[in-house]
Amino acid sequence: MKIHETDILLVEDSPDDADLAMHALRREKLANNIVIARDGEEALDFLFCRGSFADRSFEHPPKLVLLDLKLPKVNGIEILKQIKGDPRTKTIPVVILTSSKEERDLVDGYNLGANSYIQKPVDFDQFRNTVKTLGLYWMVVNQSPVTNGIKHVKGAGQS
């Protein structure tokens, strides 16, 4: 897999949750190229093309970021703040997928520009179905303004 052609950046430190999400997405053929970041620092390095990802380009952003909040090194709220605060990454859809039941996390997530906030179901089948449903929406139904790093703006007369 080439990291230049990423469909989804999955930011998840739990190996079990990452494996389950990957399985659900691949089973439904919703994403071919999934990159997993196991901590917040690795996610930021990937998104901002630095460190071990310095050979990446902002011209090929992920189509979706699935973001856990409770992460080592840099927490998910800080990652979200940096993604949405940078013009090069702010249009990337970010779905918070977390076990947090904190109302503050929900409010902060939306205030910082999260596109969706989903509490991880505890049940295996419900978790898999949730990931499948969000994958269908974000990878198939949703129309993103970012395609290969180019923002598309409709002009007069276009529909």
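Visitor: Why are H1 and H5 called oblique to each other?

Guide: The axes of helix H1 (residues 15–27) and helix H5 (residues 124–141) cross at roughly 55°. Angles under 35 degrees count as roughly parallel, over 145 as roughly antiparallel, 65 to 115 as roughly perpendicular, and the rest as oblique. So H1 and H5 end up oblique. The axes are lines fitted to C-alpha atoms, for helices over the stretch in contact, with angles running from 0 to 180 degrees between N-to-C directions. Bear in mind that this is a predicted model, where local features need pLDDT of at least 70, side-chain atom pairs count only at pLDDT 80 or more, and totals for chains, interfaces and linings use all residues. Residues are numbered from 1 along each chain as its sequence is written, and side-chain values use heavy atoms, with hydrogens and water left out.

Visitor: Which residues make the contact between H1 and H5?

Guide: From H1 come Asp17, Leu20, Ala21, His23, Ala24, Leu25 and Arg27, and from H5 Phe124, Phe127, Arg128, Val131, Lys132 and Gly135. Contact here means heavy atoms within 4.5 Å. By class, the H1–H5 contact has seven nonpolar, two polar and four charged residues. In that scheme Ala, Val, Leu, Ile, Met, Phe, Trp, Tyr, Cys and Pro are nonpolar, Asp, Glu, Lys and Arg are charged, and the others, Gly among them, are polar. The two axes come within 9 Å, and the crossing is right-handed.

Visitor: What makes the phi of cysteine 49 worth a look?

Guide: Phi of cysteine 49 is near 55°, a positive value in a residue other than glycine. Most residues other than glycine have a negative phi. Cysteine 49 is in the loop between H2 and strand E3 (64–67). Lysine 73 also has a positive phi, about 70°, and is not a glycine; lysine 73 lies in the loop between E3 and H3.

Visitor: Are cysteine 49 and lysine 73 buried or exposed?

Guide: Cysteine 49 has a relative accessible area of 13%, so it is buried. Lysine 73 has 63%, so it is exposed.

Visitor: How many helices and strands are there in the protein chain?

Guide: Five helices and seven strands, running β-α-β-α-β-α-β-α-β-α-β-β from the N terminus on. Helices (H or I, at least four residues) and strands (E, at least two) are DSSP runs, numbered from the N terminus. Of the 159 residues in the protein chain, buried ones make up 45%.

How values were computed
A crossing is left-handed if the near helix is turned anticlockwise from the far one by less than a right angle, and right-handed if clockwise. Buried means under 20% relative accessible area, exposed over 50%, partly exposed in between (1.4 Å probe, protein chains only).
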